[in-house]
Amino acid sequence: MASRNEYSDCRKTIIIRYVLALAVISVMGVAATSLQDRAVIYPSAAALALGLIVKKQRPWHVSLWLIPGLLALSALMGTLLFTWLSAYPVTVLSLGFLFTGALLLLTRATLFPSLATCLLPIVLHTTSWSYPLSVLMLSLVVTLLSSLINREKWRFPSAPLPSSRHSFSIARARHWLLMWMGTLPLLALAESLHKSALIAPPLLVVFVSLCQPGDRLHRHPRRVLTTIILSACCGVFGRIVLSDYAGLPLFIVLPLTLLLSLFVMSRLHIIMPPIAAISLLPFVIPGNVLLFPVFASTGAAYLLICARTDVRHFLVHRMALLWQRTPFR
């Protein structure tokens, strides 16, 4: 096995990785403009670009070439679920959440952006078939670039994880069920108020990521929440100021918005791929997005509370909240 010294992480390779990631987002903007279809904009492409191209190591336990298939299947299922059961939004959202959980359990993967990919067409109430196609094409491009980066040794290889840690088990299935039950009140509130920003799919990915055993970022909810708010503000700035007011084309605005979000995350030392996806959400939400950070931060605050709560004891022992002893920072 090659030693870590053989893998370069100098400034030049970092710049190359950033340029490649921003180029993917720019190409997405070109496609959306050429086709005149906002459904082509795939916010989780920002999460993929950050996780598979920019970061030093891949953050998800999944075979690289399985990623396009998982994401395309999730996008297709989300589109089909809303097409079939659009009259029952909370049910559709719940089915999408549980389907993604089952898919990841069966494939022994932790590719949590699959959750946002499945739920996005449900949250946005879209049935456009260009969305699953866009997901497939963009995930293929990111996967190919990630393979190129690994081959050229422009970053460290992903550390192999024990397969038993992510194998299917009753305990892991129950964990997904408990996470779903924790999100149910927020799903119902968002649909009753018709405020999709409360349940922005990347927020649910943040929640699931923080609920994983061994995660440390849930100990810093204030920093995570601040990063989410600022990233959402970056998205609103890009959509309202750069796109609507200044009239800049999407192939320029989208990568600039993502770059702002990455700068915010680096300054706050919270590098989470789903937070990068939050910055691109305002470009796919119809109507006025000025209050998007307000609703997104409200949903995020609730989910962060759930992530710091022992849900099993919350449900079993007379709804008693058992907070972790680690202090808020």
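Rings of Phe, Tyr and Trp (for Trp, its six-membered ring) are taken as a pair if their centres lie within 6.5 Å, and the angle between the planes sorts such pairs into stacked (under 30 degrees), edge-to-face (over 60) and tilted (the rest). By this rule, ring pairs join Phe-97, Phe-112 and Trp-176 into a cluster. The model is predicted, so local features need pLDDT of at least 70 and side-chain atom pairs count only at pLDDT 80 or more, whereas totals for chains, interfaces and linings use all residues. Residues are numbered from 1 along each chain as its sequence is written, and side-chain values use heavy atoms, with hydrogens and water left out.

The secondary structure of the protein chain amounts to 13 helices and 0 strands, where helices (H or I, at least four residues) and strands (E, at least two) are DSSP runs numbered from the N terminus. Of its 329 residues, 51% are buried; here buried stands for under 20% relative accessible area, exposed for over 50% and partly exposed for values in between (1.4 Å probe, protein chains only). The accessible surface of the chain is about 15,200 Å², with 66% of it belonging to carbon and sulfur atoms; areas come from the Shrake-Rupley method with a 1.4 Å probe, and for residues only the protein chains shown count as cover. A contact requires heavy atoms within 4.5 Å. Among contacts between residues at least 6 apart in sequence, 77% join residues at least 24 apart.

Back to the aromatic rings. The search of the whole structure gives 3 aromatic pairs. In one of them, the ring centres of Tyr-42 and Tyr-131 are 6.1 Å apart with the planes at 75°, so this pair is edge-to-face. Because Tyr-42 sits in the loop between α1 and α2 (44-54) and Tyr-131 in helix α6 (residues 130-151), the pair ties together parts that are 89 residues apart in sequence. Tyr-42 is buried at 0% relative accessibility, and Tyr-131 is buried as well, at 3%. Phe-97 and Trp-176 also form an edge-to-face pair, at 5.6 Å centre to centre and 65° between the planes. Since Phe-97 belongs to helix α4 (residues 89-107) and Trp-176 to helix α7, parts that are 79 residues apart in sequence are tied together here. Both Phe-97 and Trp-176 are buried.

Two further buried residues show which neighbours surround a helix position. Ile-53, in helix α2, has a relative accessible area of 0%. Leaving aside residues up to four places away in sequence, Ile-53 touches Arg-17, Leu-20, Ala-21, Val-24, Leu-48, Val-142, Leu-145, Ile-149 and Arg-155.

Finally, the second largest pocket has a volume of about 310 Å³. On a 1 Å grid over the protein atoms alone, a pocket is an open set of points where a 1.4 Å probe fits, with protein on both sides within 12 Å along at least five of seven lines, and lining residues have an atom within 4 Å of a point. Grid points are joined across faces, edges and corners, and the volume is the space filled by probe spheres set on them. Sixteen residues line this pocket, and His-194, Lys-195, Ser-196, Ala-197 and Ile-285 lie nearest its centre. Helices α7 (170-193) and α12 (292-307) each give two or more residues to the lining.
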